[in-house]
Amino acid sequence: MIIDCHNHVGSDLLFYLHGDFPYAQHLVAMHDEGRALGVDRWIVFPFVSHLALDVTVFMQNEIKDEKGRLQDIPYAFENRRLMRECYELFPEEGKRMLPFVMGDPMRNTAAQEKELRKLRADYRFYGIKMQTTILQSDIKHLRNRGKVFVELAAEWDVPFLIHSSVAESDLWAQAHDILDIAEENPGVRFCLAHSCRYDKECLDRVQALPNTWFDNSAHCIHCVGAVQDLPYIAPKARRFDSDYTNPARVIADLAVAYPKKFMWGSDSPFYSYAAEINGQIVRLISTYKAEVEALTAGGTEMVERIAHTNIRDFLGGSWVEMSV
């Protein structure tokens with residue numbers, strides 16, 4: 001069995017209005033493409049920007065809260081929309097989905113808790129996803145105004161999957177901050193996305209903590225970033241040692257170094273990214289096929305471990321064996 005542990009379904013109004021790519025993914029299209037490549041299950045969650053932000057400044061790529069909101073509660077619409085898509089609109093494909101809810105740890109968190117409790121009464125979901133960089137919402141708020149999410153994860157025995165960064169310019173999702181929070185909450189499981197940007201110190205800390213994992217979402221374009229020494233990747237002095245010209249080799253090396261803590265995920269559709277940044281067009285392009293081929297090159301035992309067993313361990317009590 002191959003589980004893809006990192007996928008976005010729905011649309012992102014910020015990316016669309018600002019002219020960035022990707023900005024949408026349909027559940028059925030993801031399912032059909034992935035099934036043809038041998039993927040069996042998907043952890044899915046909404047896209048990142050939510051309707052409780054000021055959508056009138058999205059064309060300027062700005063994040064504001066003062067006005068222009070279409071909703072008052074972050075992700076209330078997006079989370080329920082995803083559940084309906086998985087359980088009601090496309091139930092056959094939905095049988096293979098493991099939906100996570102999205103949360104914003106800074107904005108209107110008490111109202112988010114109430115909405116999630118209502119949603120939990122209506123639908124089953126398997127974890128909580130956060131991407132705080134785009135929201136400009138510091139992950140350290142999980143210690144205070146966002147602590148309700150940690151409490152819900154413990155109460156429901158569901159894990160966190162959190163976007164992580166090591167770039168100095170990212171003030172909101174530093175991998176070491178996520179690891180500190182995980183260490184402070186040993187009864188809750190955490191996954192740090194994007195291989196901690198290949199920062200060996202952080203990866204070693206994931207290995208050492210009993211309640212942390214990492215995924216390699218958007219792996220191929222992260223390998224490109226390592227080859228080109230782009231700023232979103234850990235600098236060479238801190239970088240995990242591998243041949244980044246060969247994404248399959250990097251997966252194999254990570255699987256040896258971190259045998260029980262490494263989970264495979266594609267980050268569909270964000271295995272590719274294109275945007276204009278500071279007047280320059282940036283294109284980092286991969287495919288679902290390339291992500292899967294980099295995985296399967298490692299052989300049956302490795303695939304079973306990092307794309308099934310480790311993900312089941314991460315899901316813990318929230319996992320339910322599916323019949324399809």
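Leaving out residues up to four places away in sequence, F160 touches I128, M130, F149, V150, A153, V188, R189, F190, C191 and F314. In this predicted model, F160 is also one of the residues with the most contacts inside the largest nonpolar core, together with L254 and W264. Helix α7 (residues 147-156) gives that core its largest share, six residues. Another core lies apart from it, and F314 is among its residues, as are I3, I63 and M102.

| Nonpolar core | Size | Residues named |
|---|---|---|
| Largest | 69 residues | F160, L254 and W264, those with the most contacts inside it |

Strand β1 (residues 3-8) and strand β4 (residues 41-45) pair in the parallel sense, over four bridges. Is β1 enclosed or open? Six of its six residues are buried, so β1 is largely enclosed by the rest of the structure.

Y271 is placed in the loop between β11 (262-263) and β12 (273-277). Its relative accessibility is 10%, and because buried means under 20%, Y271 counts as buried. Neighbours within four places in sequence aside, Y271 is in contact with E33, A218, I221, S266, L284, I285, S286, T287, Y288 and E291. L13 lies 258 residues from Y271 along the chain, and the C-alpha atoms of the two are separated by 19 Å.

Methods: Residues are numbered from 1 along each chain as its sequence is written. This is a predicted model: local features need pLDDT of at least 70, side-chain atom pairs count only at pLDDT 80 or more; totals for chains, interfaces and linings use all residues. Side-chain values use heavy atoms; hydrogens and water are left out. Buried means under 20% relative accessible area, exposed over 50%, partly exposed in between (1.4 Å probe, protein chains only). Helices (H or I, at least four residues) and strands (E, at least two) are DSSP runs, numbered from the N terminus. Two strands pair if DSSP finds at least two bridges between them. Contact means heavy atoms within 4.5 Å. A nonpolar core is a set of buried Ala, Val, Leu, Ile, Met, Phe, Trp, Tyr and Cys residues joined through side-chain atoms within 4.5 Å.
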